[in-house]
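These are my notebook entries on a structure that I had not looked at before.

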Amino acid sequence: MKIRVQSEDFDLGQEVAVIRQNNPQAGALVSFLGVVREFNENQAITGMTLEHYPGMTEKQLEKIVLEAKQRWQIDDSLIIHRIGKLLPNDQIVLVVVASAHRQDAFLACEFMMDFLKTQAPFWKKEQTADCEQWVTMKQDDEAAAKRWKNTAD
Amino acid sequence: MVTLLYFARLREALNLNEERLSLPTQVQTVAQLLDWLKQRGPNWQEALGSNKLIRIAVNQEMANPETRINEDDEIAIFPPVTGG
(Lines give C-alpha, C1' and ligand atoms only; values in the text may rest on other atoms or scores of the structure.)
Protein backbone atom coordinates (compact mmCIF):
# COMPACT_ATOMS: atom_id res chain seq x y z
CA MET A 1 0.00 0.00 0.00
CA LYS A 2 1.78 3.13 -1.16
CA ILE A 3 1.08 6.77 -0.47
CA ARG A 4 2.95 9.62 -2.13
CA VAL A 5 2.47 13.33 -1.59
CA GLN A 6 4.62 15.11 -4.14
CA SER A 7 4.86 18.11 -6.43
CA GLU A 8 6.05 16.08 -9.42
CA ASP A 9 3.68 14.79 -12.06
CA PHE A 10 3.03 11.08 -12.44
CA ASP A 11 2.33 8.61 -15.24
CA LEU A 12 -0.84 6.59 -14.68
CA GLY A 13 0.17 3.83 -17.09
CA GLN A 14 3.53 3.41 -15.44
CA GLU A 15 2.09 3.32 -11.93
CA VAL A 16 -0.54 0.73 -12.90
CA ALA A 17 2.16 -1.35 -14.62
CA VAL A 18 4.18 -1.43 -11.39
CA ILE A 19 1.16 -2.52 -9.35
CA ARG A 20 0.34 -5.23 -11.88
CA GLN A 21 3.91 -6.48 -11.79
CA ASN A 22 3.84 -6.62 -8.00
CA ASN A 23 0.41 -8.26 -7.88
CA PRO A 24 0.09 -10.86 -10.63
CA GLN A 25 -2.71 -12.50 -8.64
CA ALA A 26 -4.95 -9.42 -8.80
CA GLY A 27 -7.43 -9.79 -11.63
CA ALA A 28 -9.09 -6.42 -11.10
CA LEU A 29 -7.49 -2.98 -11.04
CA VAL A 30 -9.51 0.20 -10.68
CA SER A 31 -8.01 3.66 -10.94
CA PHE A 32 -9.30 7.19 -10.42
CA LEU A 33 -7.59 10.26 -11.84
CA GLY A 34 -8.42 13.78 -10.60
CA VAL A 35 -7.54 16.67 -12.87
CA VAL A 36 -7.48 20.47 -12.49
CA ARG A 37 -10.59 21.70 -14.25
CA GLU A 38 -10.62 24.60 -16.65
CA PHE A 39 -13.72 26.35 -15.37
CA ASN A 40 -15.31 27.07 -12.05
CA GLU A 41 -18.79 28.59 -12.26
CA ASN A 42 -18.11 29.89 -15.77
CA GLN A 43 -14.86 31.56 -14.85
CA ALA A 44 -11.71 30.31 -16.54
CA ILE A 45 -9.17 28.97 -14.09
CA THR A 46 -5.61 30.04 -14.77
CA GLY A 47 -4.01 28.00 -12.05
CA MET A 48 -4.34 26.23 -8.73
CA THR A 49 -2.16 26.04 -5.65
CA LEU A 50 -2.39 23.03 -3.36
CA GLU A 51 -1.39 23.52 0.25
CA HIS A 52 -1.11 20.65 2.73
CA TYR A 53 -0.19 19.78 6.34
CA PRO A 54 3.07 17.82 6.07
CA GLY A 55 2.99 14.79 8.35
CA MET A 56 -0.73 14.76 8.95
CA THR A 57 -1.51 14.42 5.26
CA GLU A 58 0.35 11.13 5.00
CA LYS A 59 -1.11 9.90 8.30
CA GLN A 60 -4.68 10.58 7.20
CA LEU A 61 -4.14 8.91 3.83
CA GLU A 62 -2.73 5.85 5.61
CA LYS A 63 -5.83 5.75 7.81
CA ILE A 64 -8.07 5.93 4.77
CA VAL A 65 -6.24 3.00 3.14
CA LEU A 66 -6.32 0.94 6.36
CA GLU A 67 -10.04 1.45 6.68
CA ALA A 68 -10.60 0.42 3.07
CA LYS A 69 -8.54 -2.72 3.71
CA GLN A 70 -10.75 -3.60 6.64
CA ARG A 71 -13.91 -3.30 4.58
CA TRP A 72 -12.85 -4.87 1.29
CA GLN A 73 -10.40 -7.40 0.01
CA ILE A 74 -7.55 -5.33 -1.37
CA ASP A 75 -4.27 -6.81 -2.57
CA ASP A 76 -2.55 -3.48 -3.14
CA SER A 77 -3.26 0.21 -3.49
CA LEU A 78 -1.60 3.45 -4.47
CA ILE A 79 -2.51 7.04 -3.69
CA ILE A 80 -0.54 9.89 -5.27
CA HIS A 81 -1.58 13.46 -4.46
CA ARG A 82 0.26 16.44 -5.85
CA ILE A 83 0.98 19.68 -4.04
CA GLY A 84 2.19 23.11 -5.06
CA LYS A 85 1.35 25.05 -8.20
CA LEU A 86 -0.70 23.36 -10.90
CA LEU A 87 -2.20 24.44 -14.23
CA PRO A 88 -5.59 23.65 -15.82
CA ASN A 89 -5.74 20.03 -17.01
CA ASP A 90 -2.82 19.05 -14.79
CA GLN A 91 -3.15 15.79 -12.92
CA ILE A 92 -3.86 16.25 -9.20
CA VAL A 93 -4.58 12.85 -7.67
CA LEU A 94 -4.36 9.17 -8.56
CA VAL A 95 -5.94 6.31 -6.65
CA VAL A 96 -5.34 2.75 -7.82
CA VAL A 97 -6.75 -0.37 -6.15
CA ALA A 98 -5.83 -3.95 -7.04
CA SER A 99 -8.02 -6.84 -5.94
CA ALA A 100 -9.06 -10.31 -6.93
CA HIS A 101 -12.61 -9.00 -7.35
CA ARG A 102 -13.83 -6.02 -9.31
CA GLN A 103 -16.57 -5.10 -6.84
CA ASP A 104 -14.02 -4.73 -4.04
CA ALA A 105 -11.72 -2.73 -6.30
CA PHE A 106 -14.47 -0.32 -7.46
CA LEU A 107 -15.91 0.24 -3.99
CA ALA A 108 -12.54 0.64 -2.28
CA CYS A 109 -11.39 3.17 -4.88
CA GLU A 110 -14.57 5.23 -4.54
CA PHE A 111 -14.40 5.03 -0.75
CA MET A 112 -10.78 6.19 -0.72
CA MET A 113 -11.61 9.20 -2.89
CA ASP A 114 -14.68 10.15 -0.86
CA PHE A 115 -12.66 10.04 2.34
CA LEU A 116 -9.66 11.79 0.84
CA LYS A 117 -11.98 14.66 -0.13
CA THR A 118 -13.18 15.11 3.46
CA GLN A 119 -10.37 13.88 5.70
CA ALA A 120 -7.02 14.62 4.08
CA PRO A 121 -5.54 18.01 4.99
CA PHE A 122 -5.12 19.61 1.56
CA TRP A 123 -6.47 23.01 0.59
CA LYS A 124 -6.92 24.30 -2.94
CA LYS A 125 -6.63 27.90 -4.01
CA GLU A 126 -7.88 28.68 -7.52
CA GLN A 127 -6.58 31.54 -9.61
CA THR A 128 -8.67 33.24 -12.30
CA ALA A 129 -7.88 36.28 -14.43
CA ASP A 130 -9.39 38.58 -11.76
CA CYS A 131 -8.56 37.01 -8.48
CA GLU A 132 -7.47 34.16 -6.27
CA GLN A 133 -9.78 32.33 -3.93
CA TRP A 134 -9.82 29.33 -1.66
CA VAL A 135 -12.08 26.52 -2.77
CA THR A 136 -14.73 25.68 -0.17
CA MET A 137 -15.74 22.18 0.82
CA LYS A 138 -18.77 20.98 -1.09
CA GLN A 139 -21.89 19.58 0.55
CA ASP A 140 -21.77 16.75 -2.00
CA ASP A 141 -18.36 15.67 -0.73
CA GLU A 142 -19.55 15.53 2.87
CA ALA A 143 -22.66 13.63 1.84
CA ALA A 144 -20.59 11.19 -0.20
CA ALA A 145 -18.33 10.44 2.77
CA LYS A 146 -21.34 10.05 5.11
CA ARG A 147 -23.05 7.40 3.03
CA TRP A 148 -20.19 4.97 3.62
CA LYS A 149 -21.06 4.97 7.33
CA ASN A 150 -24.11 2.85 6.64
CA THR A 151 -22.07 0.20 4.87
CA ALA A 152 -19.42 -0.19 7.56
CA ASP A 153 -19.39 -3.61 9.13
CA MET B 1 4.91 25.46 25.39
CA VAL B 2 2.71 24.36 22.53
CA THR B 3 3.04 24.87 18.80
CA LEU B 4 0.10 26.40 16.93
CA LEU B 5 -0.12 26.00 13.16
CA TYR B 6 -2.48 27.86 10.85
CA PHE B 7 -3.30 26.82 7.28
CA ALA B 8 -4.87 28.13 4.09
CA ARG B 9 -7.48 30.87 4.32
CA LEU B 10 -7.00 31.09 8.09
CA ARG B 11 -3.29 31.60 7.76
CA GLU B 12 -3.93 34.47 5.36
CA ALA B 13 -6.64 36.05 7.50
CA LEU B 14 -4.47 35.94 10.61
CA ASN B 15 -1.22 36.64 8.76
CA LEU B 16 0.44 33.91 10.80
CA ASN B 17 1.50 30.38 9.92
CA GLU B 18 3.10 29.20 13.14
CA GLU B 19 3.75 30.24 16.72
CA ARG B 20 5.13 28.63 19.84
CA LEU B 21 3.82 29.82 23.16
CA SER B 22 2.90 28.96 26.72
CA LEU B 23 -0.81 28.70 27.33
CA PRO B 24 -2.38 30.05 30.52
CA THR B 25 -3.22 27.26 32.96
CA GLN B 26 -6.96 27.74 32.49
CA VAL B 27 -6.68 26.78 28.81
CA GLN B 28 -6.93 22.99 28.93
CA THR B 29 -9.15 22.03 26.00
CA VAL B 30 -9.48 22.90 22.34
CA ALA B 31 -12.65 24.89 23.04
CA GLN B 32 -10.89 26.92 25.71
CA LEU B 33 -7.95 27.52 23.38
CA LEU B 34 -10.24 28.90 20.67
CA ASP B 35 -11.98 31.19 23.17
CA TRP B 36 -8.62 32.41 24.39
CA LEU B 37 -7.33 33.08 20.88
CA LYS B 38 -10.48 35.01 19.96
CA GLN B 39 -9.65 37.47 22.71
CA ARG B 40 -6.64 38.63 20.74
CA GLY B 41 -8.83 40.94 18.70
CA PRO B 42 -11.62 41.33 16.12
CA ASN B 43 -9.52 39.70 13.40
CA TRP B 44 -9.22 36.54 15.51
CA GLN B 45 -12.82 36.69 16.60
CA GLU B 46 -13.93 36.77 12.99
CA ALA B 47 -11.51 34.14 11.70
CA LEU B 48 -12.22 31.64 14.49
CA GLY B 49 -15.79 32.66 15.23
CA SER B 50 -17.77 30.19 13.16
CA ASN B 51 -17.41 26.60 14.33
CA LYS B 52 -18.55 25.28 10.98
CA LEU B 53 -15.55 26.77 9.25
CA ILE B 54 -12.88 25.63 11.68
CA ARG B 55 -11.22 22.26 12.14
CA ILE B 56 -8.63 21.43 14.77
CA ALA B 57 -5.98 18.73 14.88
CA VAL B 58 -3.91 17.95 17.97
CA ASN B 59 -0.65 16.10 17.28
CA GLN B 60 -1.86 15.47 13.75
CA GLU B 61 -5.07 13.73 14.83
CA MET B 62 -8.46 15.34 14.25
CA ALA B 63 -9.75 16.79 17.51
CA ASN B 64 -13.03 18.09 18.89
CA PRO B 65 -13.84 20.89 21.32
CA GLU B 66 -13.40 18.61 24.33
CA THR B 67 -9.96 17.33 23.31
CA ARG B 68 -7.44 18.10 26.01
CA ILE B 69 -4.29 20.06 25.28
CA ASN B 70 -0.98 19.09 26.91
CA GLU B 71 2.52 20.45 27.09
CA ASP B 72 4.49 20.14 23.82
CA ASP B 73 1.36 19.47 21.77
CA GLU B 74 1.17 20.53 18.14
CA ILE B 75 -2.20 22.12 17.47
CA ALA B 76 -3.29 22.94 13.94
CA ILE B 77 -6.23 25.15 13.06
CA PHE B 78 -7.60 25.08 9.52
CA PRO B 79 -10.65 25.37 7.30
CA PRO B 80 -12.53 22.28 6.07
CA VAL B 81 -10.27 20.39 3.67
CA THR B 82 -10.54 20.56 -0.10
CA GLY B 83 -8.11 18.03 -1.54
CA GLY B 84 -8.59 15.42 -4.21
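**Entry 1: Trp134(A)**

I looked up Trp134(A) and found that it counts as buried, at 15% relative accessibility. Buried here means under 20% relative accessible area, exposed means over 50%, and partly exposed is in between (1.4 Å probe, protein chains only). I note that the model is predicted: local features need pLDDT of at least 70, side-chain atom pairs count only at pLDDT 80 or more, and totals for chains, interfaces and linings use all residues. Residues are numbered from 1 along each chain as its sequence is written, chains are lettered from A and ligands numbered from 1 in the order in which they are written, and side-chain values use heavy atoms, with hydrogens and water left out.

I placed Trp134(A) in strand S9 (residues 132-134) of chain A. Helices (H or I, at least four residues) and strands (E, at least two) are DSSP runs, numbered from the N terminus. Setting aside residues up to four places away in sequence, I listed what Trp134(A) touches: Glu51(A), Trp123(A), Lys124(A) and Lys125(A), and from the other chain Ala8(B), Arg9(B), Arg11(B) and Glu12(B). Contact means heavy atoms within 4.5 Å. The side chain of Trp134(A) also makes a polar contact with the side chain of Glu12(B), at 2.9 Å. A polar contact is a pair of N or O atoms within 3.5 Å; within protein, one must be able to donate a hydrogen and the other to accept it, and residues adjacent in sequence count only if both atoms are side-chain atoms.

**Entry 2: chain A against chain B**

How much area do chain A and chain B bury between them? I read about 1900 Å², 55% of it on carbon and sulfur atoms. Buried area is the accessible area (1.4 Å probe) that two parts lose on being put together, summed over both. In chain A, Tyr53(A), Trp123(A) and Trp134(A) lose the most area to chain B, together 35% of what that side buries. The contact takes 28 residues from chain A and 20 residues from chain B.

I then looked up the charged pairs, and the rule finds 4 salt bridges across this interface. A salt bridge is a side-chain nitrogen of Lys or Arg within 4 Å of a carboxyl oxygen of Asp or Glu. One of them joins Glu12(B) to Lys125(A), with the closest N and O atoms 2.6 Å apart. On the side of chain A that touches chain B, H3(A) gives the most, with 5 residues.

**Entry 3: the cores**

The largest nonpolar core has 30 residues, and Val95(A), Val97(A), Met112(A) and Leu116(A) have the most contacts inside it. Such a core is a set of buried Ala, Val, Leu, Ile, Met, Phe, Trp, Tyr and Cys residues joined through side-chain atoms within 4.5 Å. H3(A) gives the most to this core, with 8 residues. A second, separate core of 22 residues includes Leu21(B), Leu34(B), Trp44(B) and Ile75(B).

**Entry 4: Arg82(A)**

Is Arg82(A) buried or exposed? I found Arg82(A) buried, with a relative accessible area of 7%. Arg82(A) is in strand S5 (residues 76-82) of chain A. A polar atom of the Arg82(A) side chain lies 3.1 Å from the backbone oxygen of Ser7(A). The side chains of Arg82(A) and Asp9(A) make a polar contact at 3.4 Å.
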